[in-house]
Amino acid sequence: LGLADSHFENDIGQYWLKSAKIARRAGYMQTAHSLLLSASGFSLPKFCLERAKWMKNEGGSHEALLALEKSIQSEWPDVGLTPDESRVVVTVNSTCAKAMLLIGQWMEETAHYDQNTILKQYKKVVAVNPESEDGHFFLGKYYDRLMSVVASERLTKSGEFLQFIVRHYGHTLEYGNKYIYHCMPRMLSLWMDFGA
């Protein structure tokens with residue numbers, strides 16, 4: 001009976017969290033905040049993601065970034081170090097990877113971080129969850145952006161980025177099709193530009 005109750009409690013927390021997400025997306029920020037407060041008592045791993053997104057929508061981009069970093073350090077201090085590939089570890093790694101990906105995207109948006117820091121953040125996402133379609137996509141996209149910056153300065157350096165772009169866009173297509181309309185045309189144009 002105790003196990004069923006804990007599963008039921010987890011479901012209730014998930015519903016509070018999903019309701020908060022729907023309210024936030026609809027623009028009902030006060031309602032989303034109230035629902036987040038209700039979900040906070042259920043110790044859900046995805047709670048930190050939704051709370052950070054709410055904070056960012058409220059205008060606190062830097063505060064949301066710091067809160068998400070703090071959540072990762074407290075909830076997943078040694079994520080990725082466990083060799084066990086059980087379903088729980090994969091789920092935890094997936095949630096942690098999503099949080100780390102958000103940090104990378106927000107670092108890129110704020111433009112307060114140098115290129116190496118952002119690149120390291122995206123590499124951490126792929127290290128924590130190697131089968132992350134989103135992680136590989138944003139890492140490849142960031143390499144692509146770096147290549148265009150370097151290519152404007154000197155042409156010889158752009159070839160070094162090419163292998164990373166193609167590798168990560170290829171992994172993106174291997175693990176899903178969400179970004180096929182970006183990755184496939186970009187890989188073809190890189191092949192046409194640099195293959196000859």
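**Close-up views of a predicted model**

View 1. Arg24 is found in helix 1, which covers residues 2-26, and the structure shown here is a predicted model. With a relative accessible area of 10%, Arg24 counts as buried, because buried residues are those under 20%. Leaving aside residues up to four places away in sequence, Arg24 touches Met29, Ala32, Glu50, Lys53, Trp54 and Asn57.

View 2. Helix 4 is made of 15 residues, 61-75, and reaches 21 Å from its first C-alpha to its last, which is close to the 21 Å expected at 1.5 Å a residue. The buried residues of this helix are Ala64, Leu65, Ala67, Leu68, Ser71 and Ile72. Seen down the axis of helix 4, these buried residues fall within an arc of 165°, and they therefore line one face of the helix. In an α-helix there are 3.6 residues a turn, so residues three or four places apart point the same way. On the other side of helix 4, Lys70, Gln73 and Ser74 are exposed.

View 3. Ile180, Tyr181, Met184, Leu188, Trp191 and Met192 form a nonpolar patch on the surface, and together they have about 720 Å² of accessible area. One of these residues, Met192, has its place in helix 9, which covers residues 180-194. Met192 counts as exposed because its relative accessibility is 57%, and the exposed class begins over 50%.

Methods:
Residues are numbered from 1 along each chain as its sequence is written. This is a predicted model: local features need pLDDT of at least 70, side-chain atom pairs count only at pLDDT 80 or more; totals for chains, interfaces and linings use all residues. Side-chain values use heavy atoms; hydrogens and water are left out. Helices (H or I, at least four residues) and strands (E, at least two) are DSSP runs, numbered from the N terminus. Buried means under 20% relative accessible area, exposed over 50%, partly exposed in between (1.4 Å probe, protein chains only). Contact means heavy atoms within 4.5 Å. The expected span of a helix is 1.5 Å times one less than its number of residues. The arc is that of the directions from the helix axis to the C-beta atoms. Patches are made of residues with over 30% relative accessible area and no salt bridge: like charges are joined within 9 Å, nonpolar side chains (Val, Leu, Ile, Met, Phe, Trp, Tyr) within 5 Å. Accessible areas come from the Shrake-Rupley method with a 1.4 Å probe; for residues, only the protein chains shown count as cover. A salt bridge is a side-chain nitrogen of Lys or Arg within 4 Å of a carboxyl oxygen of Asp or Glu.
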